[in-house]
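Hi,

Here is the structure I promised to pass on.

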Amino acid sequence: MRFKPFVPLFVILVLALAACQALPLPGASPAPTKTEPTSAATVTGATAQVKATVAVTTSITATPDAGLPVAPRTPANALPTTAPARPNVLRIAIGAPKTLDPALASDPPIAEILNGLVSHDAKLNVVPELAEKWDTADAKTWTFRLRKDAKFHDGKPLTARDIKYSFERATAPALKSPSAALYLGDIVGVKEKLAGKATEVSGIKVVDDATIQITLDAPKSYFLAKLAHPVAFVVDQANVESGQIATKPNGAGSFAMKEFVPNQRIVLARNAAYVGTPKPSIEQVTYRFDVTNRIAAFQAGELDLVSIAAAEAAEVGNAPALKSDPLLAFGYVAFNTRKPPFDDVKVRQAFALALARDKISLVANGSVIASANIIPSVLPSGNWLAPAADIAKAKQLLAESKYKGKLPDVTWLTTGRETIAPLASALKDALGVNVIVQATDFAALQKQARELTYQMLDIGWVGDYADAQNFLEPLVRANDPDNHTGYANPAVDKLISQAAAEKDPAARAKLYQQIEQMVLADAPIAPLYHYRAFGLAQLYVKTSLQFFPALGFVPQTRFLAIENVH
């Protein structure tokens with residue numbers, strides 16, 4: 001997980017369930033990260049460095065994918081409102097993938113063609129995929145039993161040796177996978193393999209053709225969610241050695257490669273032998289990279305799913321085709337708990353209670369959802385918390401603090417002065433505190449965040465994987481490299497360790513909810529809002545997901561169906 005400058009994010013195309021990391025609030029500022037920002041705001045999935053580019057403008061006009069321009073304004077009455085009968089195919093526009101190798105990329109077709117031991121269901125719970133079941137006594141050593149009927153698209157049986165080969169290939173230092181360390185680094189021996197100090201991963205053991213055992217460096221139940229990332233997908237060794245993995249992978253996913261025309265399209269056909277659930281109902285999926293105007297193509301009936309910018313969504317209005325759902329990403333304010341006046345919890349609480357989220361332009365125009373929760377509400381352990389300013393309570397807390405009557409000036413560090421200025425002004429009006437907005441570049445903000453020399457700043461976080469742990473432990477555990485507030489609470493750290501080792505999903509969810517409440521009470525960070533994805537879907541495209549898939553974050557098209565099929 002890494003931090004990024006605060007940006008107006010209209011849509012983050014993050015692989016499903018892929019990446020967590022910090023980004024700056026729309027028009028706000030970044031946090032510590034090793035990744036350099038682009039001319040537009042860059043969102044990097046934590047260590048995985050999965051990137052999505054978004055334009056930074058107050059009106060939030062941006063390009064859904066690199067190289068694909070935003071369409072001109074589109075009146076709502078130009079969008080389809082009826083659903084004609086049609087073939088059982090799905091057509092989607094995406095940016096052209098550089099490779100379909102799951103160890104090197106996470107473009108949408110990859111999650112259709114290949115798969116791994118586990119996946120996610122419609123509510124983002126971890127469920128069996130190639131594995132029929134798994135068990136663990138201590139959340140450290142995991143034994144996976146493979147489905148007996150699992151096979152590659154060419155009919156070759158898929159065995160535990162294929163799992164071991166895939167993981168060891170992904171962690172080969174020569175391959176230079178950008179995501180192996182984050183998603184597979186918990187396995188004993190992976191760090192040594194990545195460093196070139198070992199030829200195999202000692203923590204992976206083939207018990208028999210249908211059984212594989214994976215040993216971690218510590219109890220980590222959230223490791224299961226990491227296994228849903230493409231870098232943990234199973235590849236066919238013969239396919240890799242033939243040099244076809246980049247353009248014609250032989251996987252075991254719900255769809256198989258039918259056609260790949262460079263710079264034009266990828267066509268996938270339903271895999272009748274797919275062993276996961278639900279079984280895909282769509283017969284064919286076409287990913288097009290040659291679309292220059294997505295909305296126009298959608299209006300003409302040439303596309304079925306389209307990702308769009310928030311500004312375009314505002315133009316579309318309430319058209320039935322418009323879809324909008326929260327993403328695994330949120331923006332927040334960080335307080336330096338080691339620097340006055342935020343070394344006093346009551347001052348942090350007061351500022352958190354007085355934040356005028358409605359002053360944020362992105363909240364006002366619907367591009368983001370104002371919220372007070374850290375854990376995204378779409379996760380099994382997440383609950384949406386409505387933000388509620390309480391100025392009277394905030395004033396009372398300041399009066400009870402050690403800075404009563406002598407509150408110093410506060411400097412708010414940001415990369416987005418125009419976005420933050422109204423919030424700073426509202427704090428002054430509400431609390432009488434002089435908040436100085438200091439605009440800086442991303443590198444300078446990063447440096448201050450790492451060195452804890454700032455007072456307060458704004459930033460964001462995008463999830464690396466679909467688990468509450470990824471939104472709490474990195475940001476608030478004492479001495480974590482991504483804890484840029486200096487916050488330390490032994491009771492919170494103890495619960496974080498307990499949650500990591502807890503094997504029961506329901507019990508884990510309750511622990512993370514308890515941790516979230518403790519952190520919100522201590523207020524080292526104050527959530528501002530959660531990001532949203534926008535898209536257009538033809539009326540005959542239906543889904544069983546609790547949220548409509550933002551392309552690139554889609555947990556695979558097996559959850560989609562076409563109505564009125566010929």
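This is a predicted model: local features need pLDDT of at least 70, side-chain atom pairs count only at pLDDT 80 or more; totals for chains, interfaces and linings use all residues.

Residues are numbered from 1 along each chain as its sequence is written, and side-chain values use heavy atoms, with hydrogens and water left out.

**The sheet and its helix**

Helices (H or I, at least four residues) and strands (E, at least two) are DSSP runs, numbered from the N terminus. There is an open sheet of 4 strands in the order S7-S8-S10-S9, with antiparallel pairing; two strands pair if DSSP finds at least two bridges between them. At the edges sit S7 (131-136) and S9 (204-208), each of which pairs on one side only. On average, neighbouring strands here are turned by 20° against each other, direction ignored. For all such angles, axes are lines fitted to C-alpha atoms (for helices over the stretch in contact), and the angles run from 0 to 180 degrees between N-to-C directions.

S7 and S8 (residues 141-146) run antiparallel and are joined by 5 bridges. Threonine 136 stands opposite tryptophan 142 in S8. Helix H2 (residues 160-170) packs on the sheet, where H2 touches S8, S9 and S10 (211-215); contact means heavy atoms within 4.5 Å. The direction of H2 makes about 170° with that of S9.

**Salt bridges**

I count 20 salt bridges in the structure, taking a salt bridge as a side-chain nitrogen of Lys or Arg within 4 Å of a carboxyl oxygen of Asp or Glu. One of them links aspartate 101 to arginine 169, with the closest N and O atoms 2.5 Å apart. Aspartate 101 is in the loop between S4 (89-93) and H1 (110-113) and arginine 169 is in H2, so the pair ties together parts that are 68 residues apart in sequence.

**A hairpin**

S11 (residues 255-261) and S12 (residues 265-270) pair in the antiparallel sense over 6 bridges. They form a hairpin with 3 residues between them, and asparagine 263 in the turn has a positive phi of about 65°. Glutamate 259 stands opposite valine 267 in S12.

**Two helix pairs**

H9 (residues 345-354) and H11 (residues 391-400) pack at about 165°, with their axes 8 Å apart. They are therefore roughly antiparallel to each other; angles under 35 degrees count as roughly parallel, over 145 as roughly antiparallel, 65 to 115 as roughly perpendicular and the rest as oblique.

The axes of H14 (residues 469-476) and H16 (residues 505-522) come within 10 Å and cross at roughly 40°, so this pair is oblique. Gln469, Leu472 and Val476 of H14 make the contact with Arg508, Tyr512, Ile515, Glu516 and Val519 of H16.

**One loop glycine**

Where does glycine 366 sit? Its place is in the loop between H10 (361-364) and S16 (368-370). The C-alpha atoms of glycine 366 and tyrosine 531 are 9.8 Å apart, although 165 residues separate the two along the chain. Leaving aside neighbours within four places in sequence, glycine 366 is in contact with Arg532 and Phe534.

Cheers
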